[in-house]
Amino acid sequence: MIASRQGRVGVLALVALCAAPLAARAQEAPPPAPATAYPPGYGPPPPPPAYPPPGYAPGYAPPPPGYAPGYPPPQPPGFMPAPMEPTHDGVYVRMHIGGGFTSISGQNSYGETVTLSGPSVSLGVAVGGGIAPNLALFGNLFVSLISQPDLMENGADLGNGQGNSSAGLVGFGAGLVYYFQPINLYLSGALSAVEMQIDDTNGDMAYESDVGLGFQGMIGKEWWVSPHWGLGLAGELIGASMKDKNDSSITWTGGAFNLVFSATCF
């Protein structure tokens, strides 16, 4: 009994002595590498990009405490945003009425002259559309009419006309207008086909011209009354040269300067 018990103790001691080196060796060995599940020829994905720490762009202060980033704080009661600045674009319509001075002179091949002049009434309308910011192309029609004009023949003053006498220039053409902002000052110019007509004291036509070449120019200042409508004042200049319709030896020249009230949609 004693011998068998001693034999079992010896066996256990031998087993313990053999297991001790194996346990030490297991503690010293590195852990096995994890198994990869990547397909052949493909390695692990690249590491994620490095992001800078959260903050605000240079020059921009953080919002006040208590408001989410990217959202402005609420405006105080009664706050109204600034109105948008009116712009010139789209359809262009200009109407004008006013008065000034008009002169029409005719001279024949013998050097004989006749001149009619006097206070005039100016009317006109232009219609077109914007082709660039503050720039519009238009077609127009204008009239500068003298009622009971003064008459001069070969330099001799024959006095003021009577009855239904009148003289006038009528033109139609095409041109451009440009607005200088923010002062809302505009320049307008149009090449025009112009006709002249003179009526005697009975209202009958005394002279009439063929269509000639003319020019109408305007410079004006307008004030906004709505986002696209402006009212203002302008100076109008008209010049033209025409041949007489019945006597080609007579050349007529016409000129006018008028101060007008304008109303424009642009």
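Tutor: Let's start with the largest pocket, which has a volume of about 220 Å³. A pocket here is an open set of points on a 1 Å grid over the protein atoms alone, where a 1.4 Å probe fits and protein lies on both sides within 12 Å along at least five of seven lines; lining residues have an atom within 4 Å of a point. Points are joined across faces, edges and corners, and the volume is the space filled by probe spheres set on them. There are 16 lining residues, and those closest to the centre are Leu116, Leu151, Ile198, Asp199 and Asp200. The elements that give two or more residues to this lining are strands E2 (113-132), E4 (150-153), E5 (156-160), E7 (185-199) and E8 (205-208). E5 supplies the largest share, 3 residues. By class, the lining has 8 nonpolar, 5 polar and 3 charged residues, where Ala, Val, Leu, Ile, Met, Phe, Trp, Tyr, Cys and Pro count as nonpolar, Asp, Glu, Lys and Arg as charged, and the others, Gly among them, as polar.

A word on ground rules: this is a predicted model, with local features needing pLDDT of at least 70 and side-chain atom pairs counting only at pLDDT 80 or more, while totals for chains, interfaces and linings use all residues. Residues are numbered from 1 along each chain as its sequence is written, and side-chain values use heavy atoms, with hydrogens and water left out.

Now for the overall fold. Along the sequence, the pattern is α-β-β-β-β-β-β-β-β-β-β-β. Of the contacts with a separation of 6 or more, 62% join residues 24 or more positions apart, a contact being heavy atoms within 4.5 Å. Of the 266 residues, 28% are buried; buried means under 20% relative accessible area, exposed over 50%, and partly exposed in between, using a 1.4 Å probe and protein chains only.

Back to strand E2, where Thr115 sits. Its side chain joins that of Ser105 in a polar contact of 3.0 Å. Such a contact is a pair of N or O atoms within 3.5 Å; within protein, one must be able to donate a hydrogen and the other to accept it, and residues adjacent in sequence count only if both atoms are side-chain atoms. Beyond four places in sequence, Thr115 touches Ser103, Ile104, Ser105, Asp150, Leu151 and Met152. Phe101 lies in strand E1 (residues 91-107) and is partly exposed at 46% relative accessibility. Its contacts beyond four places in sequence include Ser117, Gly118 and Pro119, along with Phe257.

Strand E6 (residues 166-180) holds Tyr179. Tyr179 counts as buried because its relative accessible area is 0%. The side chain of Tyr179 makes a polar contact with the side chain of Glu222 at 3.1 Å. Among the other residues that Tyr179 touches, leaving out those up to four places away, are His88, Asn134, Asn184 and Thr264.

Aromatic rings are the next thing to look at. The structure holds 6 aromatic pairs; rings of Phe, Tyr and Trp (its six-membered ring) pair if their centres lie within 6.5 Å, with planes under 30 degrees apart counted as stacked, over 60 as edge-to-face and the rest as tilted. Tyr178 and Phe180 form an edge-to-face pair, 5.0 Å centre to centre with 85° between the planes. Tyr178 is partly exposed at 34% relative accessible area, and Phe180 is partly exposed at 35%. Ring pairs also link Tyr179 with Tyr92, Phe138, Tyr186 and Phe266 into a cluster.

Finally, some backbone details. Most residues other than glycine have a negative phi, and most peptide bonds are trans. The bond from Gln181 to Pro182 is cis, with omega near 10°, and Pro182 is in the loop between E6 and E7. Asn184 lies in the loop between E6 and E7 too, with a positive phi near 60°, and is buried at 1% relative accessibility. Gln148, in the loop between strand E3 (135-147) and E4, has a positive phi near 50° and is partly exposed at 32%.

Terms used. Helix = DSSP H or I, 4+ residues; strand = E, 2+ residues; numbered from the N terminus.
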